[in-house]
Amino acid sequence: AHLPRRTIVFVAFDGEEIGQLGSYYYTAHPAIPLERTRLMINFDMIGGNDPEHINAVASRSSEVIHRVHQEANQHVGLRLTHPSSYRLGRSDHTAFYRGRVPIIYFFGGLHPEYHSPRDKVGIVSGDKVGRVARLALLTAWKVSNLATPPAFQGRRP
């Protein structure tokens with residue numbers, strides 16, 4: 001079996017809508033010390049909007065991550081946008097960024113149904129979710145096997 005060089009941890013957080021309670025708790029009590037955590041990948045609303053496009057927010061928190069996810073995308077073929085805003089404070093990646101962990105936040109973008117009774121499962125594209133998940137897996141796999149861990153290159157938000 002092929003195993004990654006480094007451990008990959010999957011975490012599902014709760015309490016995002018009321019202050020990212022789960023992610024802040026985790027960063028205060030991590031399974032792997034934050035100084036040894038090489039990347040946090042966050043997903044938010046990845047299945048809606050344009051089926052060929054995803055925002056790769058904050059990938060420049062590490063130039064290595066920025067390069068690696070684009071190389072991984074050559075196998076997935078999504079149209080990537082790299083917004084200048086890191087959307088800190090808006091989702092669970094914020095706690096990791098503040099802990100100096102490189103982040104990439106896959107975000108599908110806002111849509112007219114957001115936080116309304118019309119925001120139902122039918123607007124989600126399973127194909128797009130699968131493609132974004134594949135991009136994240138390839139990115140995590142490549143990062144876990146790097147000889148030199150990616151450096152955090154934060155900036156003032």
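A salt bridge is a side-chain nitrogen of Lys or Arg within 4 Å of a carboxyl oxygen of Asp or Glu. The model is predicted: local features need pLDDT of at least 70, side-chain atom pairs count only at pLDDT 80 or more, and totals for chains, interfaces and linings use all residues. Residues are numbered from 1 along each chain as its sequence is written, and side-chain values use heavy atoms, without hydrogens and water.

In one of them, the side chains of Glu52 and Arg131 meet at 3.1 Å, N to O. This pair links distant parts of the chain, 79 residues apart. Glu52 sits in the loop between strand 1 and strand 2, and Arg131 in helix 4 (residues 126-144). Helices (H or I, at least four residues) and strands (E, at least two) are DSSP runs, numbered from the N terminus. Arg131 is buried, at 15% relative accessible area. Glu52 is partly exposed, at 36%. Buried means under 20% relative accessible area, exposed over 50%, and partly exposed in between (1.4 Å probe, protein chains only).

Arg79 and Asp50 also form a salt bridge, at 2.6 Å, N to O. Here, too, distant parts of the chain are linked, 29 residues apart. Arg79 belongs to strand 3 (residues 79-81), while Asp50 lies in the loop between strand 1 (40-44) and strand 2 (53-57). Arg79 is partly exposed, at 46%. Asp50 is partly exposed, at 30%.

Glu71 pairs with Arg67 in a salt bridge, with the closest N and O atoms 3.2 Å apart. Both residues lie in helix 2 (residues 63-73), four residues apart, about one turn of the helix. Glu71 is partly exposed, at 31%. Arg67 is partly exposed, at 40%.
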